[in-house]
Structures are given as structure tokens and as C-alpha cells.
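Please find below a colleague's note on the structure shown here.

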Amino acid sequence: MLHILIFYTDSIIVRGLETFLSSVGKHQIYTANNYLDCLNSAKFLQDLGKTFVLIVEGEILDSDKCSQLRKFPRAKLILCDRIANHNSLLLSLNCNSSYISLEHNAPDNLALAVQCAFVGSVFICPQVKPKLNQYVFQPLLEQRRAVAELAEIDRRILALAAQGHTHNTIGKIVNYSALNVGYRLKVIVQTLNLQTKQEAIALANSIGLNLSMSESAFKAA
């Protein structure tokens, strides 16, 4: 018997999900109103068997709520929205979750997502893949290009900052004053159309800039 928990604010959708899942397999289905209350009930979750699936309305989750699932390695998450949602789609990628959208009225997507969850795989419903490209891959490509177009010295400074070096240390490596390093980082943030140095560092980490340039290379340059 496969165990499935459904968390959704719309009771009509909950009933629809229950009915469909009951018709396509032998599932023990539970419903809950409060995601966090259920996660905090460790005994309840421990009694659910080797693997259990949570189908959760994407809009009620964030990174912190998803991270709590790490306490339960047997839990498999599926984010499910009425209409494909930018934030939920990004969240599903960040937490290695399957993602489906009900707007496409393709119930087979749900069945496939559940099957993938039980074997440790991830399913993204095909209808949202164009949005995946729009929201994720295209912006990342543009950000990579923006970083590549920075002056060489600015890429070095950003990479060192992403490695955790202080302004003083960076200055010694690139032969700048700490004050000048701080100024260059502000220029980098503006050039990349970001708001904070932390965002620039996160971008550098996400594209591997912090790994592609070693401190010895900076010194040699």
C-alpha cells in the first residue's frame, strides 16, 4: 500500500485528487490542512511505511518549509499548483521535487509524478517546460553572459568574494586597496542589475565562477 498525503487549501481540489488517485492504484490517502503541523508529528510520519509522497500546493511552501522534509528521507514531495507558478516552479527545482500544474487538465501528469516519486525520480509536467525555459534557463544564460562581459579584474574580484575572502585579502591578491575592492563590488552589482553584493556572490556560485578561478591564478595574473 502506497501512502500519499495531500495538503491543499481548496477542498474541491482535494476531493478531485483523492478520487483520481484512488482510481489509478492502491493508495492510502491522507489529507491535512496544515503542512507544518503534520511535519511536526514525527510519529505519524514514521508510521507511513518505507516511502510516502506529499502532494502540496506550491503556493503555501517556501525553502524553509521544504527543508524540514530533510528530517524524513523517505518523504517525496510533489508541488501541485492550480496554475503554473513561477516561484513554485523554481522551488521545485531547488528542492529536487516533482512539479505539476492542474491548469492543463492532464491527470496522467499526476499519476506519472507519483510513480516517479516512489522510485526516487523527479517529474516536471511537459506543459510547463516552456515556462521552465522562460523563468530559469533563459535568465541564467543572460546572467552568465553578463558575468562574462565584466572586466577581467571585476570577474577576479567577484570570484574571490564568492570564495569568502574579505576586502582586505582580495585587495592584496589583485593589488587593490580594500576601499577600491568595495567600490568595484558595488559597480559589479549595478552592472549585473542586482540589488546586493550577496546576490552577486550567489550568482557567481551558481555559475561556478568561484571554482573556475584559483587564488594562484589571480596572483599570477
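This is a predicted model: local features need pLDDT of at least 70, side-chain atom pairs count only at pLDDT 80 or more; totals for chains, interfaces and linings use all residues.

1. Salt bridges overall. How many salt bridges does a search of the whole structure find? The search returns five.

2. Arg155 and Glu152. These two residues form a salt bridge whose closest N and O atoms lie 2.3 Å apart. Both belong to helix 8, which spans residues 152-162, and a separation of three residues places them about one turn of the helix apart. Glu152, at 35% relative accessibility, counts as partly exposed.

3. Arg156 and Glu152. Glu152 also forms a salt bridge with Arg156, and here the closest N and O atoms are 3.5 Å apart. Arg156 and Glu152 are four residues apart in helix 8, and are therefore separated by about one helical turn. With a relative accessibility of 18%, Arg156 counts as buried.

4. Arg184 and Asp154. A further salt bridge joins the side chains of Arg184 and Asp154, at 2.7 Å from N to O.

5. Packing of helix 8 with helix 9. Two packed helices are described by the angle between their axes and the distance between the axes. For helix 8 and helix 9 (residues 167-174), the angle is about 140° and the axes are 10 Å apart. The two helices are therefore oblique to each other, because only angles over 145 degrees count as roughly antiparallel. The crossing of helix 8 and helix 9 is right-handed.

6. Residues at the helix 8 and helix 9 contact. Which residues meet here? Helix 8 contributes Ile153, Ile157, Leu160 and Ala161, and helix 9 contributes Ile170, Ile173 and Val174. By class, this contact comprises seven nonpolar residues, with no polar and no charged ones.

7. Ile4. This residue is located in strand 1 (residues 2-7). Its relative accessible area is 0%, so Ile4 is buried. Apart from neighbours within four places in sequence, the contacts of Ile4 include Leu21, His27, Gln28, Ile29 and Tyr30. Val53, Ile55, Val114 and Phe118 are also in contact with Ile4.

8. Ser92. Helix 5, covering residues 86-94, contains Ser92. Ser92 is buried as well, with a relative accessible area of 1%. Setting aside neighbours within four places in sequence, Ser92 is in contact with Leu79, Ser97, Ser98, Tyr99 and Ile124.

9. Ile4 relative to Ser92. How far apart are the C-alpha atoms of these two residues, and what separates Ile4 and Ser92 along the chain? The C-alpha atoms are separated by 18 Å, and the residues lie 88 residues apart in sequence.

Conventions: Residues are numbered from 1 along each chain as its sequence is written. Side-chain values use heavy atoms; hydrogens and water are left out. A salt bridge is a side-chain nitrogen of Lys or Arg within 4 Å of a carboxyl oxygen of Asp or Glu. Buried means under 20% relative accessible area, exposed over 50%, partly exposed in between (1.4 Å probe, protein chains only). Axes are lines fitted to C-alpha atoms, for helices over the stretch in contact, and angles run from 0 to 180 degrees between N-to-C directions. Angles under 35 degrees count as roughly parallel, over 145 as roughly antiparallel, 65 to 115 as roughly perpendicular and the rest as oblique. A crossing is left-handed if the near helix is turned anticlockwise from the far one by less than a right angle, and right-handed if clockwise. Contact means heavy atoms within 4.5 Å. Ala, Val, Leu, Ile, Met, Phe, Trp, Tyr, Cys and Pro count as nonpolar, Asp, Glu, Lys and Arg as charged, and the others, Gly among them, as polar.
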